[in-house]
Structures are given as C-alpha cells and as structure tokens.
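Dear colleague,

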Amino acid sequence: MIKMTAAALSISLLMAGGNTLAQQGAMEKKMEMAGPVDRAKILAAPGVSGNFSTYKVRPDYYRLSAAERKGAAAQVLAVVEKHKAKIIVDAYLTRGFEAKSDYLLRIHSYDMAATQAFLVDFRATRFGMNSDVTENLVGITKGLNYITKDKSPDLNKGLSSATYAGDAPRYAFMIPVKKNADWWNLSDEQRLKEMETHTLPTLGNLVNVKRKLYHSTGLDDTDFITYFETADLGAFNSLMLALAKVPENKYHVRWGSPTVMGTIHSFENVVNMLSMGN
C-alpha cells in the first residue's frame, strides 16, 4: 500500500511539473504573440527596472574572419528579437570617448528577471562572449519624491513646462550618484529644501537636455543612476556646472566614477560598427 501511494505521489508530482512547464510555455508563447514592449509606455512608467552595463570588446574578436564577425552580429540581433516582448534595449557607442569600454547597453523591463534572461542569452552569443563587462548598475524608476505638486507646486510647474526642444539627441550620459549617511538622516523637510535648491538652477538647461532618474539604494552599490540625452554638449556642460554648485553636493560620496559618454545608435548599428566597422 505504501509503495502504491509513493508511486501515485510521484506520478502526481510529475504531472504537476508537466502542467507548470506547459503553463510557462503557454505564457511565453502568449508574450511572443503580444508583440514588442511599448517603448513610450515603459519609459514613462514607474516601477520599471533599468540595467546599465558597459563592455570592452576583446582583441581576439578582431582575429575572427569578417564572415565570422558578421555571423556573430546576426546572432546578437536574433537574441534581441527573441526577448522583444519583455524588454527594450538601447545601445550606445562609447569607443573613442571611454578608455574602459566600447559600448553601453541600457535595458528596461517590467520584471528584472526578464532583463537577466536577456543578458544571459546575450553573453552566450559569440559577440557577448568576446565582450568583458566593465561596469554594471541596476535601478528602478519611481514618481517624483520631492518636487511634487503638493510639496513644491511652483518648481513642479517649472519642471513640467521644461519640455525638450533641442535637436534630436546624439549623445547620452550615465552618471551614478551615491549619498552619505548624513543625507539619509535629514528630515523629509530638510531633504525637500535641498532638492528645491538643486532643481531651481537647472531649469534653464532642461529645454536642451533630457534627463531620467533611476533609484538604486539596496539594489546596487549606489543610490541613483542619472541618465541624460542631448544634442548640445555646451548645454549639458552648463547643467553639470549648475549641479556642481549646489550645497547638496556635500552629501555626495560618489558622483560619476564612471561617468559614461556615448553616441546614440540602434542596437544593430552598434554591434555592426564594432564587428565590421562603418
């Protein structure tokens, strides 16, 4: 009787496992049929995971034949296609600007595990295997913490009206920021005052610089990842000078290190430029 019960239990477990795998497969199939992630929607939503990773292409990659490198590039694009229902990935060419990296990937997903699944597949490609990670940061998007309609209505109105009006951005920057314990031990009112002082001098530059903030405390060894796009490097320089002058800087233990600058391209173009040249 005991043997029969054990056998029945084993069969039940196998069936349950099969059902779980079948359900997972059906869900993945449904996601594939749903089409790619809505780019505009995911970039505007709170609670979205962001992953920033920089890579240096190994010299050995260029010892492969042109045909092999062309095939490697095609393999990467197939991986992007495979995961397009769960993630969006943006690519930036950093070669020539950065000594430690050749390209930057910025990945958004509603589930961090989907980002991880993409990166596992990406690193398994021939191009990925020949790319060494030089930096990796993760964060999530949130709504405004301080300059809200309720807490700081005038500055909130200024932020809302500062719409980007420059040419199509050509350059992107990633700058991590970490605060010290003194910052986190300020009262909410004190931090609000500091952030108002931070925001006011930047408003004039936001018509020429796009910006986006990711929160990383507890998720990574930094507190924030700041991301910018612009076509006007002078305006970006002015924005950074304005930020460098605010009293809030005394609470920084990290600002940059690295500061990553790249040119904005499609994922396909970045891989092809690094594989085949222009």
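In these notes, buried means under 20% relative accessible area, exposed means over 50%, and partly exposed lies in between, with a 1.4 Å probe and protein chains only. This is a predicted model, in which local features need pLDDT of at least 70 and side-chain atom pairs count only at pLDDT 80 or more, while totals for chains, interfaces and linings use all residues. Residues are numbered from 1 along each chain as its sequence is written, and side-chain values use heavy atoms, with hydrogens and water left out.

A search of the whole structure finds 13 salt bridges, where a salt bridge is a side-chain nitrogen of Lys or Arg within 4 Å of a carboxyl oxygen of Asp or Glu. One of them joins R63 to D60, with 2.0 Å between the closest N and O atoms; R63 is exposed at 63% relative accessibility, whereas D60 is partly exposed at 46%.

E68 and R126 also form a salt bridge, at 3.7 Å from N to O. This pair links distant parts of the chain, 58 residues apart, with E68 in helix α3 (residues 66–82) and R126 in helix α5 (residues 126–129); helices (H or I, at least four residues) and strands (E, at least two) are DSSP runs, numbered from the N terminus. E68 is partly exposed at 33% relative accessibility, and R126 is partly exposed at 33%.

Finally, R106 and E229 meet in a salt bridge of 3.9 Å, N to O, which connects strand β3 (residues 103–109) with strand β7 (residues 224–230) across 123 residues. Both R106 and E229 are buried, and they belong to a network of salt bridges that also links R39 and D90.

Best regards
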